[in-house]
Amino acid sequence: MHLSLEDKTFVVMGVANKRSIAWGIAQALDAAGARIIFTYALERNEKSVLELAETLNRKDYLILQCDVESDEQIQTCFQTIKNEVGTIDGIAHCIAFARKEELRGDYTNVTREGFLLAHNISSYSLSAVAKAVKDLELMPNGGSIVTLTYLGGERVMENYNIMGVAKASLEASVRYLAYDLGKLNIRVNSISAGPIRTLSAKGVGDFNSILKVMEERAPLHRGVDTREVGDTALFLFSDLSRAITGENIHVDAGYHIMG
Ligand code: NDP
Ligand code: N5H
């Protein structure tokens with residue numbers, strides 16, 4: 001199916017490399033003809049984002065720094081977008097972080113600092129970005145904001161620990177933001193992706209066995225890839241989903257329905 005978003009501009013936050021879910025979303029947006037603005041956190045990632053962006057059909061992309069731990073960087077980044085592009089039609093928020101040592105073992109090992117850090121980067125950042133959009137009137141024609149979550153935000157998944165608690169907060173934020181921004185015809189939804197081998201997933205938990213269980217138990221008996229998540233994001237960015245907001249769509253081969 002071909003969707004055309006040729007007259008639209010989207011901000012994609014969280015491309016670290018070609019395995020990133022954000023990159024799968026960017027590829028889907030590019031296939032639909034959309035213009036993309038990339039944001040990255042670390043200086044060292046700018047070059048890899050640039051190399052990837054060069055492979056897109058559209059060359060009128062922008063690449064901006066936005067470490068979401070900093071209110072100042074968020075403000076500067078979205079003000080630059082306002083100045084350079086004027087208005088945008090959507091945002092893909094594909095950002096999360098927790099300390100490695102708090103992603104294994106007992107949940108009660110969590111520290112105050114680790115708890116706050118995970119919530120700051122993985123949850124509050126969505127609300128901060130939504131606030132910037134509202135304050136700067138970046139989506140006067142309405143729009144769509146999409147974030148990424150995982151089943152561990154709804155149920156206990158071993159080792160996900162503090163990230164599960166942060167995702168629960170993120171998912172609740174989606175609902176409150178959907179209500180707030182609904183007045184402006186801005187929709188806010190999350191995609192709950194199945195396990196995908198990305199840089200973040202590297203070295204945390206026993207990823208191979210998690211994938212194996214998914215292939216055994218999911219109704220479709222397979223894993224999912226970043227382009228499949230990208231295509232669902234495309235749907236959420238398009239008018240086809242115009243009556244959907246505050247929703248969490250599972251792109252996980254149906255794994256979440258299993259008892
Ligand atoms: P990646 O490692 O590719 O992406 C994670 C991104 O988060 C990186 O680009 C990283 O940027 C960014 N990030 C971390 N800290 C900050 C910060 N302070 N400011 C701005 N950006 C920051 O992994 P994924 O693609 O897997 O992760 C994307 C999203 O998908 C996350 O929300 C994750 O929880 C979610 N998800 C992933 C699943 C999976 O199995 N992979 C399953 C379900 C959900 P940098 O490197 O510059 O710090
Ligand atoms: C049940 C699981 C496996 C165990 C838990 C994994 C949790 C992963 C999420 C966070 C985002 C990973 C993380 O913060 C790793 C960092 O401590 C170290 N890595 C980095 O700093 C790299 C270099 C950068 C790019 O990473 C980030 N995030 O900035 C869950 C898995 C089956 C599914 C999964 C992997 C979910 C998810 O939310 O990502």
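This is a predicted model: local features need pLDDT of at least 70, side-chain atom pairs count only at pLDDT 80 or more; totals for chains, interfaces and linings use all residues.
Of the 20 residues around ligand 2, those that come nearest are Ala96, Pro195, Ala201, Val204 and Gly205; a residue is near a molecule if its C-beta atom, placed from the backbone, lies within 6 Å of it. Residues are numbered from 1 along each chain as its sequence is written, and chains are lettered from A and ligands numbered from 1 in the order in which they are written.

By class, the shell of ligand 2 holds 14 nonpolar, four polar and two charged residues. Here Ala, Val, Leu, Ile, Met, Phe, Trp, Tyr, Cys and Pro count as nonpolar, Asp, Glu, Lys and Arg as charged, and the others, Gly among them, as polar.

I turn to ligand 1. Around it are 28 residues, of which Ser20, Ala41, Ala96, Thr198 and Ser200 come nearest. The shell of ligand 1 comprises 20 nonpolar, six polar and two charged residues.

Finally, the helix contact. In α1, Ile21, Trp23, Gly24, Ile25, Gln27, Ala28 and Leu29 meet Thr226, Arg227, Val229, Gly230, Asp231, Ala233 and Leu234 in α7, contact meaning C-beta atoms, placed from the backbone, within 7 Å. This contact has eight nonpolar, four polar and two charged residues.

Conventions:
Two residues are in contact if their C-beta atoms, placed from the backbone, lie within 7 Å. Helices (H or I, at least four residues) and strands (E, at least two) are DSSP runs, numbered from the N terminus.
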